[in-house]
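Let me put the model up and then we'll walk through it.

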Amino acid sequence: MSMADPKLTVGPEDVMVIPEVYSNVMEQTKNLPCVRIGLLQSVDYMINSLIPGTDWSSFGIRDVITTSQTLREWFETFYGKGKFNIKTYNVGIPDYFEKSSAPQKPVISVIGRNANEISKLVKLFFSKYPQYNWVTFDPMLTKSKPPQAMRRVDFAKRLQGNFAAVWVDRIASFGTFPLECMKSGVIPICLKPDIMPDYLLERDENGNIIKVVEGAGVWTENYYDLPVLAGEILIKFLDDSILPALYDSMEAVASKYTQEASENNLIEIYSEIINQRAKPLEGALVPPTAPDAQAPVVQ
Amino acid sequence: MNISVIIPIHEYSDELSLLMDKAIESVVKQESVDELPQLVLVYPAVLEENIIGFRDGCIRKYQDKLSEAKFTLVKNEGDVSYQAQVNLAVESVTTEYFSVLEFDDEYSITYFKNAAKYVESYPEIDVFLTMMIEVNEQNQGIKLTNETVWAQQFVGENGEMGYLNAQALKQYTDFKLSGAVIKKSEFKNIGGYKTNIKLAFMYEFLLRALNNACKIFSMPKIGYKHLATREGSLFDGYLKTMPMNERKFWFETATNEANFMNDRTIDMSRLHKQVVS
C-alpha cells in the first residue's frame with residue numbers, strides 16, 4: 001500500500017485478519033476478494049461493536065480465530081454451531097515473565113478494569129486488617145508523574161518482585177494477567193470473570209470439561225472475598241507457610257502457555273489458511289484489482 | 001549459614017530455664033539448614049554453675065544436634081547490662097554474622113533458612129532486621145515490629161521500601177534489633193552498643209549505623225517471637241519505673257549521641273533541670 005495513495009488493493013491470495021472491535025472494517029471490506037478472518041479475543045468488544053440481530057456472517061465472514069476453547073464454545077452458543085469455521089490457539093506468555101531469584105516483597109499488585117472496585121477492595125482490606133496497614137498495593141504503573149502504563153517487559157520485572165496480585169476483571173474473555181502471575185511465581189487472587197478462563201478447566205480428549213483445575217492461584221466468585229483472601233495469603237507469606245504445592249500447580253498451569261507453543265500454534269493456523277486460499281494460475285496475469293477492492297480508508 | 005546466636009543471660013531460675021530451653025529449641029528445630037549456628041551464651045560470673053548445668057542439659061536433650069563444641073560460654077566479670085553483655089559476646093563470635101536471641105524469645109522454624117536466602121540476595125546489607133511478633137505472657141500477639149519500613153509512606157518518596165533510613169527512624173523509633181542478622185565487622189566498626197544509653201540504645205545504634213552509611217533492611221517474614229511483657233525483663237523495668245520525661249530524655253539523647261562514635265558519658269543534669277515557662 002502506497003503511503004502517498006493509501007488505497008488498499010487486495011486479491012484472492014491476500015488474507016485480512018480483523019479484530020472483533022472493528023466491525024466497521026468488517027462491513028467496509030465485505031466486498032473485497034481476499035480471505036477475511038474475524039479475530040475474537042474479547043467478547044465485550046465484539047458484542048459492543050455489533051448492532052442487534054447481526055453477527056459476523058452479516059459481513060461475509062465465516063472464518064474465526066479465537067484464543068480459547070471456552071471462547072469458541074461461547075461463540076457457538078450465541079452465533080450458531082457449524083456456521084463458522086473456528087480455529088483456536090493458546091495465548092503465549094513471554095519468557096521474561098519469570099520467577100525472581102531475589103525474595104519477594106510484601107507488596108500486592110492490583111489490576112482491574114474498574115478503578116472503583118480496586119479502591120473499594122483496598123479500603124476493605126485495611127479495614128479488616130488494620131495491623132497490616134503498612135502493606136502496599138501496587139497499581140503496576142510507572143513512578144512518573146502522572147503515572148503511566150509500563151512496557152510489558154518492565155511490567156514483568158515489577159510483577160515478579162511482589163508476592164501476590166489481586167485481579168478483578170469481570171468481562172475478561174481469557175485472563176492473561178493471572179497466567180503472567182503464575183509464570184512469575186506470584187499468587188493470583190482473582191474474582192472469577194463471567195467467562196471462566198480456559199486454563200482453569202480440565203478437559204478430556206473430546207474437549208469436555210471434567211473438572212476445575214486446583215491450585216492455579218486463589219479464585220472466588222464473590223468480590224467481597226478478595227480482601228479477606230488477600231489478608232489470608234499475606235499472613236501465610238509472612239509466616240512462611242505457603243505450601244510449595246501451590247507454586248508447583250501454578251507453574252504447571254503456566255507451562256502450557258509458552259510463547260513458543262503459541263507461535264507454533266499460530267503458524268499452523270495461518271499456514272492452513274494460506275494453503276487454502278485461492279491461488280493465481282501460474283504464468284497467468286494477475287487480474288487487476290476489482291473496483292470494490294478499493295476500500296475506504298480504514299479508520 | 002555463617003552465623004552465631006548470642007544469648008545474653010543476666011538472671012537464672014528454674015522458671016527462666018524453661019524459657020531458655022524454648023529459646024534453644026527454636027534454634028535446634030530450624031528447618032532446612034545444613035548446620036546449626038554456634039551458640040554463644042554470655043552471663044555474669046556468678047551464674048557460671050547454672051549456665052554450665054543448663055548447657056549440659058541442652059546437650060543431653062538435643063544430643064543428635066548439639067555438642068559441647070556448639071556452645072561458646074562467655075563469662076562476664078564486668079558490666080552486666082544488656083548492651084555490655086552483647087558487646088562482650090561479639091568479641092567471641094568467629095562467624096561473619098551474629099544474631100541476638102533474648103533468652104525468653106524464640107525464632108520461627110524457618111528463620112535461618114530465610115536469613116540465608118536474604119543474606120545471599122542482599123550481600124551489601126549490614127543489618128537484617130526481622131519482623132517480630134510481640135506477645136504477652138499468655139502468648140497472645142500484641143503487635144508486629146520492624147514492619148513499617150515496608151510502607152512507602154513511612155520510608156518517604158525518596159526512600160526504598162524495606163530499607164530503614166535515618167529520617168524515617170527519627171520519626172518513628174520503635175525498631176528492635178533482637179533476632180536481627182548483623183554483620184559482625186560493621187557492628188564493631190561503628191562501636192557496638194553504647195552502655196551509657198538507657199532505654200533507647202537500640203534506636204541509637206540504628207541511627208548511628210545509618211549515619212555511618214550502614215544498610216539496614218527488614219526481612220518481610222515473621223521470624224522472631226518476642227515476649228514483651230515478662231515481669232522483671234529489662235523493658236518491663238523501664239516501663240514500670242521510668243517516668244515519661246526520662247523516656248523522652250533518653251530518646252532525645254540517643255538522637256544526639258548517634259552523631260558520635262564513642263560511648264560518651266551522658267550529662268543527666270538536663271533531665272533534672274526544672275524548666276520555668
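So, which residues have the most contacts inside the largest nonpolar core? They're A:Ala165, A:Val166, A:Ile189, A:Ala230, B:Ile7, B:Phe128 and B:Leu206, and that core has 115 residues. By nonpolar core I mean a set of buried Ala, Val, Leu, Ile, Met, Phe, Trp, Tyr and Cys residues joined through C-beta atoms within 7 Å. Buried means 20 or more other C-beta atoms within 10 Å of the residue's own, with C-beta atoms placed from the backbone. Helix H8 of chain B, residues 201-211, gives the largest share of this core, eight residues.

Quick housekeeping: this is a predicted model, where local features need pLDDT of at least 70 and side-chain atom pairs count only at pLDDT 80 or more, while totals for chains, interfaces and linings use all residues. Residues are numbered from 1 along each chain as its sequence is written, and chains are lettered from A and ligands numbered from 1 in the order in which they are written.

Back to A:Val166: leaving out residues up to four places away in sequence, it touches A:Ile108, A:Val110, A:Leu121, A:Ile189, A:Leu226 and A:Ala230. Touching, or contact, means C-beta atoms, placed from the backbone, within 7 Å.

Now chain A overall. It has nine helices and eleven strands; those are DSSP runs, H or I of at least four residues for helices, E of at least two for strands, numbered from the N terminus. Of its 299 residues, 30% count as buried.

How values were computed. A residue is buried if 20 or more other C-beta atoms lie within 10 Å of its own, exposed if 12 or fewer, and partly exposed in between; C-beta atoms are placed from the backbone. Two residues are in contact if their C-beta atoms, placed from the backbone, lie within 7 Å.
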